[in-house]
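Please look over the structure below with its sequence at hand. A short report follows it.

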Amino acid sequence: MENYYQPEIECASREQIKAWQDERLVKQVKHVYDNVPYYRKKMEEKGLTPEDIQSTEDLHKLPFLTKDDLRDAYPYGLLAVPLDDVVRIQSTSGTTGRRVVAFYTQHDLDLWEECCARAIMAAGGTKKDVVHVCYGYGLFTGGPGLNGGSHKVGSMTLPMSSGNTERQIQFMCDLGSTILCCTPSYAAYLAECIQEKGLKDKIKLKAGIFGAEAWTEEMRRDIEQSLGIKAYDIYGLTEISGPGVSYECSEQKGMHINEDHFIAEVIDPVTGEVLPDGEKGELVFTSITKQAFPLLRYRTRDICVLSRKKCSCGRTHVRMTKPMGRSDDMMIIKGVNVFPSQIETVLLNKGYPANYQIIVDRVNNSDTLEVQVEMTAEMFSDSVTKVSAKERELVEALKAMLGIYAKVRLVEPKTIARSEGKAVRIIDKRKLY
Ligand code: DLL
């Protein structure tokens, strides 16, 4: 079994990483120009030929790709190899428009699974582990990605997929799962159920690899405490391969981006200008090793900060912060920018569970914000006066964080729907008018 902790790659010198990126970028631009008429046209509109791209210093000259391009080019317009060479597709849920379909050759699947294997090893995984994957399988990349990564590590893999929480917990106890892979919101739900059933002593989990949706440090702390594990973040997106584009190491100070496969930039989302490390902006990825669906300068809409400071784990690949929100997840309420993560931070700091819903509406031409939060079982037995006092306390704390008034409604335990995949936190009724 190969070892997917690869210090010669993950701890390579910055010069070596740049040399890989320079060489692979030049090759990739030519591959795309020759095989993807849609992108060639975009380059030609800017007067560019592949010869204009000689190294990563020239990357900024290339045109961006956005989700709109993916939709325009659906389904085959960005495919860069003959269909005969494609062995798999994965797809996004398509809730905000047409689906995005990503294509993979066998080589692409191998490199994607290798990235996931690195993430599992960085979370302490070895072939002795029992990796319990309850990300969804099928078109969503979560299940297949972590499944493939776990195979590469040589761990026994439980391909549970999402749902059937009873069965998840039973297998976890019976088969001794040691590493849990799912969305953080589902991990929190599993923790709640395990606690209720009094089964905490029966589980052997030591680590969790959680991603696919935004989650705060407060939520990490809660999950770690309730499951008795170390919780690692993992990031990725279907367009760029799936989970494993970046992952946390034991230091947990940002996620290392697999820079031998992906070049990361952070740009000003309004002007498109490339920002220096340390500045907050929109993350942009260029795939430099993928064959079938090699996106150049793809705008993710995820807002984060990059750092190339040395990490004490020894890895040298650039780190990204947890996405602080998506530029398209950001709510503008009464002219103020509000991210769901700000609300989550307040709630968890005040001791509430991560079961909440944000409802935005417009009444008499003015935006309204309501936060519904589940009470804990203890709070539920409190008097009405005490509950009202708690609501007022939350209103104040949210005002201090967001700068605007939010109505708070404490609701009975277990009234907010649990999610088995990505949690739906925001109901923006303004979009329905
Ligand atoms: O969510 C891939 C994935 C699966 C990542 C399993 C991690 C674990 P998509 O469905 O295409 O792919 O959604 C991609 O999800 O642009 C982010 O906005 C968000 N996202 C992914 N990982 C994280 C994370 C998968 N760790 C979109 N923290 C991305 C915050 C995340 N947001």
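The report covers the ligand site first, then selected residues, rings and a helix.

## Basis

This is a predicted model; local features need pLDDT of at least 70, side-chain atom pairs count only at pLDDT 80 or more, and totals for chains, interfaces and linings use all residues. Residues are numbered from 1 along each chain as its sequence is written, and side-chain values use heavy atoms, with hydrogens and water left out.

## Ligand site

The ligand is surrounded by 21 residues, counted as near if one heavy atom lies within 4 Å. Asp233, Ile234, Thr238, Asp302 and Lys422 are the closest. The shell holds 9 nonpolar, 6 polar and 6 charged residues. Here Ala, Val, Leu, Ile, Met, Phe, Trp, Tyr, Cys and Pro count as nonpolar, Asp, Glu, Lys and Arg as charged, and the others, Gly among them, as polar. Strand 7 (residues 230–237) gives the most to this shell, with 5 residues. Helices (H or I, at least four residues) and strands (E, at least two) are DSSP runs, numbered from the N terminus.

Polar contacts are pairs of N or O atoms within 3.5 Å; within protein, one must be able to donate a hydrogen and the other to accept it, and residues adjacent in sequence count only if both atoms are side-chain atoms. A polar side-chain atom of Thr238 sits 2.6 Å from a ligand oxygen. A backbone N or O atom of Ile234 is 2.7 Å from a ligand nitrogen. For Ala212, a polar backbone atom lies 3.1 Å from a nitrogen atom of the ligand. Alone, the ligand exposes 610 Å², and the protein buries 92% of that. Accessible areas come from the Shrake-Rupley method with a 1.4 Å probe; for residues, only the protein chains shown count as cover.

Met255 is in strand 9 (residues 255–257). Its relative accessibility is 1%, so Met255 counts as buried. Buried means under 20% relative accessible area, exposed over 50%, partly exposed in between (1.4 Å probe, protein chains only). Beyond four places in sequence, the contacts of Met255 include Asp233, Ile234, Ser246 and Met320; contact means heavy atoms within 4.5 Å. Met255 and Tyr232 are 23 residues apart in sequence, with C-alpha atoms 9.2 Å apart.

Ser185 belongs to helix 8 (residues 184–196). It is buried too, at 10% relative accessibility. Its side chain reaches the backbone oxygen of Gly421 at 3.5 Å. Leaving out residues up to four places away, Ser185 touches Glu213, Met219, Ser419, Gly421, Ala423 and Arg425.

## Aromatic pairs

The whole structure has 7 aromatic pairs. Rings of Phe, Tyr and Trp (its six-membered ring) pair if their centres lie within 6.5 Å; planes under 30 degrees apart count as stacked, over 60 as edge-to-face and the rest as tilted. Phe262 and Phe285 pair edge-to-face, at 6.5 Å between centres and 70 degrees between planes. Phe262 is in strand 10 (residues 262–267) and Phe285 in strand 11 (residues 281–287), so the pair ties together parts 23 residues apart in sequence. Both are buried. Ring pairs also join Tyr76, Phe103 and Phe293 into a cluster.

Gly351 follows helix 10 and has a positive phi, near 90 degrees.

Thr415 lies in the loop between strand 19 (407–411) and strand 20 (426–428). Thr415 is partly exposed, at 47% relative accessible area. A polar side-chain atom of Thr415 is 2.6 Å from the backbone oxygen of Glu412.
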